[in-house]
Amino acid sequence: MFEKMQRAFWKALTPDLVVDEPQVVAQVVSGLAPEVVAALGGVDNLKSQQPVALTRVRVELRDGARMDRQALTVAGVPGVMMLDDGVVHLITGLT
Amino acid sequence: MQASGHAISITDENGVQVLMHIGLDTVNLAGKGFTRLVEEGQQVDVGQALIEFDVDFVALNARSLLTLMLVVSGEPFTWLTPPSGLVDSGQPLLSLNPVEQTSQKLVPEEGDAVFSQPVTLANPNGLHARPAAVFAQAAKGFSASIYLHKKQESANAKSLVAIMALQTAHGEVVQVSAAGPDAEAAITVLADLLLTGCGEAVASAQVQAEVQAKPMEAQSLTVLRGVCASPGSAFGQVVQLTEQKLEVNEFGVTQQVERDHLSRGLAEASQALQQLCENAKGSGQADIFKAHQELLEDPGLLEAAHVLIDEGKSAGFAWRAATESTATLFKSLGNALLAERAADLSDVGQRVLKLILGIRDQAMELPEGAILIAEQLTPSQTAGLDTCKVLGFATVGGGATSHVAILARAFGLPAICGLPAQVLTLANGTQVLLDADKGELQLDPDLAAIEQLRTRRRLERQRQQHELAHASVAACTRDGHHVEVTANIASLAEAEQAVALGGEGVGLLRSEFLYLDRNHAPSHDEQASTYSDIAKALGPARNLVVRTLDVGGDKPLAYVPMDSETNPFLGLRGIRLCLERPQLLRDQFRAILSSAGLARLHIMLPMVTQLSELRLARQLLEEEALALGLTQLPKLGIMIEVPAAALMADLFAPEVDFFSIGTNDLTQYTLAMDRDHPRLASQADSFHPSVLRLIASTVKAAHAHGKWVGVCGAMASETLAVPLLLGLGVDELSASVPLIPAIKAAVREVDLADCRAIAQQVLGLESAEQVREALRLHHEATVDTSRVLEN
């Protein structure tokens with residue numbers, strides 16, 4: 001609903017300035033700090049990563065065991081949820 | 001429990017009720033990803049799991065996992081979360097504090113509500129938890145029903161949560177209203193409590209004095225200052241607009257009756273909005289109502305209301321709770337645009353609520369010559385206005401994108417935003433002079449001032465006719481120097497209009513317009529044909545300056561995904577973004593180059609800071625031109641809008657063909673002030689001597705290398721700036737299309753030698769106000785007198 005609101009109003013109010021909110025598209029590594037990538041087991045361990053749900057970054061790891069939970073905290077990721085099949089949610093909060 | 005299993009509400013024996021809603025827009029998942037662990041009506045225990053959900057599925061398929069908890073019955077609560085804000089699954093979040101006086105049900109109001117004087121909050125963080133608790137506690141001591149009002153919003157003063165949800169801030173103006181036997185006493189005590197900080201240490205003696213001094217100050221003050229939202233001036237009488245507070249019963253009849261009630265209200269509101277859309281003057285207003293209509297169909301909002309109806313609430317109560325809580329959420333997200341949209345949500349909320357309650361809006365009886373004054377005008381308030389009787393608007397809130405600004409411009413009425421809150425204390429019927437050009441509301445205008453205004457208006461009309469009649473005449477100063485006056489455009493239609501109004505070319509084509517409303521990049525052919533059409537409309541004798549894609553975090557583009565930035569104005573914008581995605585820039589260059597020869601083609605790069613950016617872009621351009629077999633490159637220039645580029649103009653000049661100064665961004669970067677900031681907007685003025693000095697040195701550097709300099713920011717559309725910019729040596733003024741005749745006329749009025757003198761003089765002044773004043777005096781002394789002599 002936020003998206004819809006924003007789109008409708010931005011268009012109405014600043015027709016020549018603002019366009020749709022950028023869509024979230026998977027991009028490997030860009031958007032993740034190098035320390036975070038390292039804590040996740042390095043670039044080679046990343047199958048995919050994408051921002052989701054406004055507050056999270058969803059990463060798929062080839063090998064979940066190579067992730068260093070401690071190092072993620074040190075790298076400034078406030079919360080981490082480990083899910084099935086090597087899927088990990090980095091909870092970054094509203095930015 | 002919601003059928004789709006993503007929301008649940010719990011009620012205890014004493015009627016305390018808490019609603020939990022997992023994620024945003026999760027209703028669209030229709031139950032997928034959620035597993036219900038309890039049944040409807042089941043007794044549950046502390047710590048018992050209620051719903052299990054597949055985090056990954058929801059994260060991938062719904063808007064967000066942000067989860068709302070709402071204490072529907074309004075009891076105070078205490079946070080149990082650690083200061084870090086991080087919690088674990090199963091950890092208690094808050095504890096509800098039972099209230100002794102549990103009769104939270106709305107007491108029907110007895111008699112009319114009494115209002116306190118407006119109070120300016122002295123608490124450094126507004127009424128946050130502690131002072132809010134003190135205030136609510138004090139309010140509970142009275143039997144009257146009491147509300148705390150802030151702008152159009154209000155909160156039950158006996159509910160801590162409601163007060164906190166108002167999100168009051170330091171310096172904000174609030175009012176207390178009460179209805180019931182001890183209303184007067186409640187008002188006195190509570191207003192006093194607010195003044196003294198509700199138990200929080202504020203410099204209370206000082207605050208008292210300040211507040212007591214206020215009414216007197218308002219009387220002795222003769223001028224209130226704000227920001228011009230729509231130019232012009234008017235003399236008329238004050239009419240204060242306030243939004244009425246509606247009373248609703250909390251509990252409904254049956255779920256079916258209330259659901260019908262709500263859908264009827266929504267349908268009627270939708271119909272009314274459709275009507276307003278069709279009758280709207282100008283597309284800006286119509287778009288607002290269209291957006292309001294969309295809101296009525298918003299699944300999240302409807303669902304929230306239905307959840308409450310299912311719990312036995314009335315349609316009105318459910319709808320109000322749904323809209324208000326969402327509006328609060330919008331405000332808390334820390335996005336200025338979204339926060340402003342919360343006002344729209346309240347507006348729609350109020351419209352539907354009135355229909356549910358069967359309250360018909362009476363067309364407000366306005367006296368002749370009304371100057372409408374409000375905290376902030378909502379679209380609904382303004383739509384029904386008899387605009388024949390309205391002469392102007394003056395509001396406390398609002399900025400460049402506020403409704404009042406859009407509306408006033410659509411009607412051609414003067415308007416001022418950002419006035420001090422004192423304006424709300426002016427009595428209805430007070431005679432005032434609204435001088436939007438100066439951003440002033442004069443409270444005690446004398447007859448001479450009014451006569452002056454009338455004469456000015458008559459002269460303005462004459463001048464406009466004269467300007468339009470001479471639009472096609474070249475813009476040459478009295479001593480014979482030609483200045484190129486061109487247009488800022490964003491479409492083919494504007495290009496044609498610009499030529500018709502005497503535009504000598506296009507000084508700024510905002511190429512972003514090609515890319516609006518897209519989820520994918522426009523094809524090469526599509527881009528190429530648009531550029532060619534515009535170039536053809538201008539012809540080979542006129543300049544066409546195409547600015548390459550100027551987007552970034554502040555104006556995102558759908559198919560150019562970007563990470564969100566904490567400070568988009570200082571982030572990947574303009575050329576920075578294009579060089580990150582060079583293919584985008586190459587494609588655009590190729591499309592622009594296909595119009596070579598049809599007009600005098602110029603390409604301009606936005607937001608250039610480093611020489612390397614210019615060199616890299618030039619290399620890409622040369623490669624594309626070579627690939628197309630072009631022997632002659634189009635002219636390549638840069639925008640001067642980052643102070644770094646202005647300061648290093650002498651190094652940029654040898655490598656460009658021209659500069660164009662974007663005064664809007666140059667001003668906000670030089671003064672470090674957001675031009676849409678409600679408090680700073682009036683100071684973020686391009687006439688500030690620091691900005692003028694940057695313009696002066698840029699021109700000097702360009703001319704030393706034989707390059708020309710244009711100005712394409714808003715400053716070039718201000719007639720007052722014309723002698724100044726000419727005097728600083730600017731060669732081209734690119735104005736917004738409708739103002740081209742006025743700018744050309746302003747050029748023809750001045751003498752370049754005079755302009756140089758005044759420009760040198762103002763460079764040494766202290767502030768933008770001083771510069772504007774000096775230019776006004778100069779205008780009166782030179783132009784006005786010479787016109788009198790000629791007649």
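Reader: What span should helix α4 of chain B have, and what is the distance between its end C-alpha atoms?
Author: This is a predicted model. Helix α4(B) covers residues 183–195, which is 13 residues.

Reader: Which face of α4(B) do its buried residues line, and within what arc do they fall?
Author: The buried residues of α4(B) are Ala183(B), Ala186(B), Ile187(B), Leu190(B), Leu194(B) and Leu195(B). An α-helix has 3.6 residues a turn, so residues three or four places apart point the same way. Seen down the axis of α4(B), the buried residues line one face of the helix, because they fall within an arc of 155°.

Reader: Which residue just after α4(B) takes a positive phi?
Author: Look just past the end of the helix. The phi there is about 95°, and the residue is Gly197(B).

Reader: In what order do the 4 strands of the open sheet in chain A lie, and which are the edge strands?
Author: The pairing in this sheet is antiparallel, and the order is β1-β2-β4-β3. An edge strand pairs on one side only. The twist averages 20° from one strand to the next. The edge strands are β1 (46–52) and β3 (79–82) of chain A.

Reader: How many bridges join β2 to β4 in chain A, and what is the bridge partner of Arg58(A)?
Author: Strand β2(A) spans residues 56–61 and β4(A) spans residues 87–91. They run antiparallel and are joined by 5 bridges. In β4(A), the partner of Arg58(A) is His89(A).

Reader: Is strand β17 of chain B largely enclosed or open?
Author: Strand β17(B) covers residues 390–395. A residue is buried if 20 or more other C-beta atoms lie within 10 Å of its own. In β17(B), 6 of the 6 residues are buried, so the strand is largely enclosed by the rest of the structure.

Reader: Which strands pair with β17(B), and in what sense?
Author: Strand β16(B), residues 370–374, pairs with β17(B) over 5 bridges. There, Ile371(B) has Gly392(B) as its bridge partner. Phe393(B) stands opposite Ala415(B) in β18(B). β18(B), residues 415–417, is joined to β17(B) by 2 bridges. For β16(B) the sense is parallel, and β18(B) also runs parallel to β17(B).

Reader: Is Val545(B) buried or exposed?
Author: Val545(B) is found in strand β23(B), residues 543–547. Beyond its neighbours within four places in sequence, its contacts include Val506(B), Leu508(B), His602(B) and Ser660(B). The C-alpha atom of Arg600(B), 55 residues away along the chain, is 8.3 Å from that of Val545(B). With 28 other C-beta atoms within 10 Å, Val545(B) is buried.

Reader: What percentage of the 791 residues in chain B are buried?
Author: Chain B has 26 helices and 28 strands. Among its contacts between residues at least 6 apart in sequence, 68% join residues at least 24 apart. The buried residues make up 45%.

Reader: Where in chain B does pLDDT stay under 50?
Author: The mean pLDDT of chain B is 82, and 87% of its residues reach 70 or more. Some stretches score under 50. One of them has 17 contacts beyond four places in sequence, and it is residues 100–110. Another, with 12 contacts beyond near neighbours in sequence, is residues 204–220.

Methods: Residues are numbered from 1 along each chain as its sequence is written. Chains are lettered from A and ligands numbered from 1 in the order in which they are written. This is a predicted model: local features need pLDDT of at least 70, side-chain atom pairs count only at pLDDT 80 or more; totals for chains, interfaces and linings use all residues. The expected span of a helix is 1.5 Å times one less than its number of residues. A residue is buried if 20 or more other C-beta atoms lie within 10 Å of its own, exposed if 12 or fewer, and partly exposed in between; C-beta atoms are placed from the backbone. The arc is that of the directions from the helix axis to the C-beta atoms. Two strands pair if DSSP finds at least two bridges between them. Axes are lines fitted to C-alpha atoms, for helices over the stretch in contact, and angles run from 0 to 180 degrees between N-to-C directions. Two residues are in contact if their C-beta atoms, placed from the backbone, lie within 7 Å. pLDDT is the predictor's confidence in each residue, from 0 to 100.
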